[in-house]
Amino acid sequence: MNPQPPVQVDPSSSSRLLLAGRWTLAEAASRQAALAHEWHGIAEIDARQIDHLDSAGALLLVQLLGRLQLQPAQVALGPNHQALLAAIAGASQHDGIVPGPHSGLRDVLARIGETTFGLWLQTRMFLGFIGLSLSTLLRTAIHPRRLRITAMVHHIEATGLDAVPLIAVLCFLIGAVVAFLGSTVLATYGATIFVVELVGFSFLREFGVLLTAIVVAGRTASAFTAQIGAMKSREEIDAIRTLGLDPIELLVLPRLLALVIATPLLTFIAMIAGIAGGLSVAAISLDITPEAFLTRFHETVALRHLLVGLVKAPLFAAVIALIGCLEGFKVAGTAQSVGERTTSSVVQSISSVIVLDALAAVFFMEMDW
Amino acid sequence: MSATASELDTVIRIRGLDNRFGTQVVHRDLDLDMYRGEILGVVGGSGSGKSVLMRSILGLRRPQGGSIEALGHNVLAGSEAGHRVIERRTGVLFQDGALFSSLNVAENVAVPFKEHHHDLPSALRNDLVELKVRLVGLPIDTCMKLPSQLSGGMRKRAGLARALALDPELLFLDEPTAGLDPIGAAAFDQLLRTLQQAMGLSVFLITHDLDTLYAICDRVAVLAEGKVLAIGTLEQVQDYDHPWVREYFHGPRARAAQTAKRER
């Protein structure tokens with residue numbers, strides 16, 4: 001027997017359509033093309049020669065029936081395929097959903113409104129979270145035994161001690177770069193010795209604490225978000241609540257306190273490393289001996305610059321820890337959401353640290369400290 | 001629906017399967033045959049290796065020994081082409097649906113089409129996606145929802161729609177009715193039976209649910225002591241003389257399920 005074409009009008013009766021061969025997903029595209037005709041005067045369909053039919057083929061048949069305004073009963077089918085066609089016809093009876101009209105301008109406005117409102121909600125939630133954490137902190141201060149010392153020490157190690165090499169290397173290199181840059185300008189006035197003040201002021205007042213905060217934000221805020229987010233999506237937070245424990249006390253306070261303790265220490269290391277970087281450049285390429293560098297440092301850089309730098313560290317640490325934890329609590333179930341919240345926590349903490357630092361710089365300048 | 005082995009061809013043939021985790025033996029010299037067009041219920045206590053068996057057949061886990069043939073292909077040969085065929089011709093519904101959480105339901109169902117039939121016109125693909133979603137009894141507006149916005153029962157139906165996307169010959173279900181309320185579970189059983197008959201599916205069904213066993217399974221395989229302890233129709237299996245089998249089929253819950261079946 002010659003292989004029959006998949007679609008043809010019956011030679012013996014022009015009102016009958018003959019279908020044959022394989023009608024499965026693999027052939028669906030070509031079968032759909034073969035059916036895409038204006039069929040006139042077709043009153044019945046003979047599909048008994050179809051040897052393979054799956055739901056894709058059946059869907060094409062049902063769509064053809066719809067176009068020809070025929071009933072499934074008007075199709076002659078092999079016995080194996082009747083149940084399938086009936087099921088598919090039953091499932092595709094209703095019309096598809098009509099997507100609502102799209103208006104570009106309306107979408108833009110809606111997007112702007114959504115973002116603005118989201119920003120407001122975010123701010124409100126962050127302020128609320130700060131309040132909640134502070135009140136829990138006060139409660140813990142009254143009952144110090146509820147503080148989770150072990151967890152806190154663990155977080156100090158993970159966020160502080162483990163970050164020391166990274167921060168020391170980074171700050172040493174940036175200290176060296178600042179000294180190099182400064183010396184090229186200062187050399188034109190024969191004033192290379194001012195490199196000492198340049199490196200000293202910049203690292204004690206700004207760079208030490210800022211670099212530390214940025215590294216901590218990148219390293220630790222993301223870690224906090226991912227840890228708490230994973231617990232949230234596995235319903236561990238809910239379990240904590242139902243066991244009568246306070247997730248803020250259990251998860252947020254140890255992280256917050258650990259970071260508030262670790263960041264000033266890291267900042268101090270960052271300052272020393274930066275100044276050491278400047279000192280090395282001065283010794284190697286500017287002919288300022290380490291003794292001369294340190295003597296001048298001692299004479300010209302006052303203690304208050306160190307304090308101005310260090311006092312900002314706990315504030316930045318608290319902001320980073322709170323943002324990291326809050327974003328973790330915002331995680332909602334999906335894998336994508338963990339990623340989104342982690343990105344958002346790093347972006348938010350780095351930008352708020354820089355904004356706070358700028359405000360602090362203005363404040364300290366005005367106070368003449 | 002019961003028929004003898006000689007009349008039907010075998011879709012899964014397992015011989016001498018050995019599975020171990022370290023020193024813990026899960027399967028020892030396990031044999032199993034599953035025939036085309038049947039719903040085979042696989043039961044066994046927790047930890048009896050039902051899921052490990054399914055993962056071995058699907059090639060998700062390499063057993064320590066034995067041979068597994070699915071749809072005429074040797075699963076353990078590791079040939080890329082053989083794997084491709086098995087991927088195309090089997091569908092799997094994992095315990096909680098295992099929907100991709102960042103895609104909505106329609107996108108989830110469209111994934112197998114995009115992977116295996118990327119030349120399909122997108123209009124036809126959308127029609128097919130919509131059809132599968134309807135076939136499993138979900139309202140069409142669930143298409144745009146994310147898995148996290150669905151109830152457990154709807155997630156399972158959506159997972160079933162994805163498993164059925166490519167019209168598999170062989171469907172694997174891992175505890176499809178676990179965690180559903182009894183009404184939802186009965187509806188799911190009914191749906192499975194209808195789809196199985198319409199599409200000529202062979203279904204490998206892991207379950208704890210006695211009602212499911214009594215309602216839709218053609219044959220039942222009992223897994224215990226690392227092998228298939230008994231396999232056959234419910235009537236044959238429930239009289240097998242083994243403490244676990246007796247406990248399972250003649251406990252209070254089994255009696256309730258039997259009564260329910262007689263009333264049906």
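1. Crossing of two helices in chain A. In this predicted model, helices α6(A) and α9(A) cross in the right-handed sense. Helix α6 of chain A covers residues 164-187, and helix α9 of chain A covers residues 247-285. Their axes come within 7 Å and cross at roughly 40°. With that angle, α6(A) counts as oblique to α9(A), because angles under 35 degrees would count as roughly parallel and 65 to 115 as roughly perpendicular. Two packed helices are described by the angle between their axes and the distance between the axes.

2. Residues at the crossing. On the α6(A) side, the contact includes V164(A), I167(A), A168(A), C171(A), F172(A) and F180(A). On the α9(A) side, L266(A), I269(A), A270(A), G277(A), G278(A) and V281(A) are among the residues involved. Which classes of residue make up this contact of α6(A) with α9(A)? The residues divide into 19 nonpolar, five polar and no charged. Glycine counts as polar here, and G175(A), G274(A), G277(A) and G278(A) are among the contact residues.

3. Chain A as a whole. Chain A contains twelve helices and four strands. It has 369 residues, and 34% of them count as buried. Taking contacts in chain A with a separation of 6 or more, 84% are between residues 24 or more positions apart.

4. Chain B as a whole. Chain B contains ten helices and ten strands. It has 264 residues, of which 44% count as buried. For contacts in chain B with a separation of 6 or more, residues 24 or more positions apart account for 67%.

5. Where the chains meet. The contact takes 21 residues from chain A and 23 residues from chain B. Which helices of chain B each supply at least two residues of the side that touches chain A? They are α4 (122-135) and α6 (182-199). The largest share comes from α4(B), with seven residues. By class, this side of chain B has eleven nonpolar, six polar and six charged residues.

6. The six-stranded sheet of chain B. Six strands form an open sheet in the order β6-β7-β8-β3-β9-β10, and the pairing is mixed. The edge strands are β6 and β10 (227-232) of chain B, each of which pairs on one side only. Neighbouring strands of this sheet are turned by 15° against each other on average, direction ignored.

7. Strand β6 of chain B. Strands of a sheet pair through backbone hydrogen bonds, either parallel or antiparallel. β6(B) pairs with β7(B) in the parallel sense, over four bridges. Along this pair, G91(B) stands opposite L171(B), and L93(B) stands opposite L173(B). In a regular strand the side chains alternate between the two faces of the sheet.

8. The four-stranded sheet of chain B. Four strands form an open sheet in the order β2-β1-β4-β5, with antiparallel pairing. Its edge strands are β2 (24-35) and β5 (73-74) of chain B, each pairing on one side only. Strand β4 of chain B, residues 65-70, pairs with β5(B) over two bridges in the antiparallel sense. In that pair E69(B) stands opposite N74(B).

9. Helix α1 of chain B. This helix packs on the four-stranded sheet, where α1(B) touches β1 (10-21), β2 and β4 of chain B. Its direction makes about 120° with that of β1(B). Helix α1(B), residues 50-57, also lies across β3 (39-44), β7, β8 (202-206) and β9 (219-224) of chain B. There α1(B) runs at about 145° to β8(B).

10. A loop residue, A178(B). Where is A178(B) placed in chain B? A178(B) is in the loop between β7 (170-174) and α6 of chain B. Not counting residues up to four places away in sequence, A178(B) touches Q95(B) and H208(B). The C-alpha atoms of A178(B) and K156(B) are separated by 9.9 Å, and the two residues are 22 residues apart along the chain.

Methods
Residues numbered from 1 in each chain as written. Chains lettered and ligands numbered in written order. Predicted model: local features only at pLDDT ≥ 70, side-chain atom pairs only at ≥ 80, totals over all residues. Axes fitted to C-alpha atoms, helices over the stretch in contact; angles between N-to-C directions. Parallel < 35°, antiparallel > 145°, perpendicular 65-115°, else oblique. Left-handed = near helix turned anticlockwise from the far one by under 90°. Contact = placed C-beta atoms within 7 Å. Buried ≥ 20, exposed ≤ 12 C-beta atoms within 10 Å, placed from the backbone. Pairing = 2+ DSSP bridges.
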